[in-house]
Amino acid sequence: EMLLLQFFNSAMRRVKLCPPTGSPIVQCRVNAKFAFVECASIQDANNTLNLSGIPFLGSSLKVSRPSKYTGPFVPAKTWQELTGQA
């Protein structure tokens, strides 16, 4: 859990989705197939959606809202689009 939390925070700093010393991911819970992250703010949560497709330990992670999310749609890029790999 701590590894994933640190990985996400580092990735967001790398592509300037948060300040250079920011820690937008404040909590992470992992089970067999899913991980749930808690963000420091709504804007951090919106920015985290841009990490979808990021490679992590040999897998490409899908980052999305919870299935029961009913808030507004927020457009996001994939990690590959964000880093110019698309």
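## Aromatic pairs

Counting rings of Phe, Tyr and Trp (its six-membered ring) as paired when their centres lie within 6.5 Å, the model has 3 aromatic pairs. The rings of F7 and F8 have their centres 6.1 Å apart and their planes at 45°, whereas the rings of F7 and F56 have their centres 4.7 Å apart and their planes at 50°. Planes under 30 degrees apart count as stacked, over 60 as edge-to-face and the rest as tilted, so the pair F7 and F8 is tilted, and the pair F7 and F56 is tilted as well. Ring pairs link F7, F8 and F56 into a cluster.

The structure is a predicted model, in which local features need pLDDT of at least 70 and side-chain atom pairs count only at pLDDT 80 or more, while totals for chains, interfaces and linings use all residues. Residues are numbered from 1 along each chain as its sequence is written, and side-chain values use heavy atoms, with hydrogens and water left out.

| Residue | Relative accessible area | Class |
|---|---|---|
| F7 | 23% | partly exposed |
| F8 | 5% | buried |
| F56 | 15% | buried |
| S60 | 56% | exposed |

S60 is found in strand β4 (residues 59-60), and S60 and F8 are 52 residues apart in sequence and 13 Å apart in space, C-alpha to C-alpha. A further ring contact involves a charge, which sits over a ring if NZ of Lys or CZ of Arg is within 6 Å of the ring centre and within 35 degrees of the ring normal; here R65 lies over the face of Y69, at 4.4 Å from the ring centre.

## Strands and cysteines

Helices (H or I, at least four residues) and strands (E, at least two) are DSSP runs, numbered from the N terminus, and two strands pair if DSSP finds at least two bridges between them. Strand β1 (residues 25-30) and strand β2 (residues 35-39) run antiparallel and are joined by 5 bridges, forming a hairpin with 4 residues between them. Within this arrangement, Q27 stands opposite E38 in β2.

With a disulfide taken as a pair of cysteine sulfur atoms within 2.5 Å, the count comes to 0 disulfides. C18 is in no disulfide, and its nearest cysteine sulfur, that of C39, is 10 Å away. C28 is likewise in no disulfide, the nearest cysteine sulfur, that of C39, being 10 Å away. C18 counts as buried at 11% relative accessibility, and C28 is buried with a relative accessible area of 6%.

## The largest pocket

A pocket is an open set of points on a 1 Å grid where a 1.4 Å probe fits, with protein on both sides within 12 Å along at least five of seven lines, and lining residues have an atom within 4 Å of a point. About 790 Å³ of space lies in the largest pocket, and of the 24 residues that line it, the closest to its centre are A35, F36, K62, V63 and S64. At least two residues of the lining come from each of α1, β2 and α2 (42-48), and β2 gives the most, with 5 residues.

Notes:
Buried means under 20% relative accessible area, exposed over 50%, partly exposed in between (1.4 Å probe, protein chains only). Grid points are joined across faces, edges and corners, and a volume is the space filled by probe spheres set on the points.
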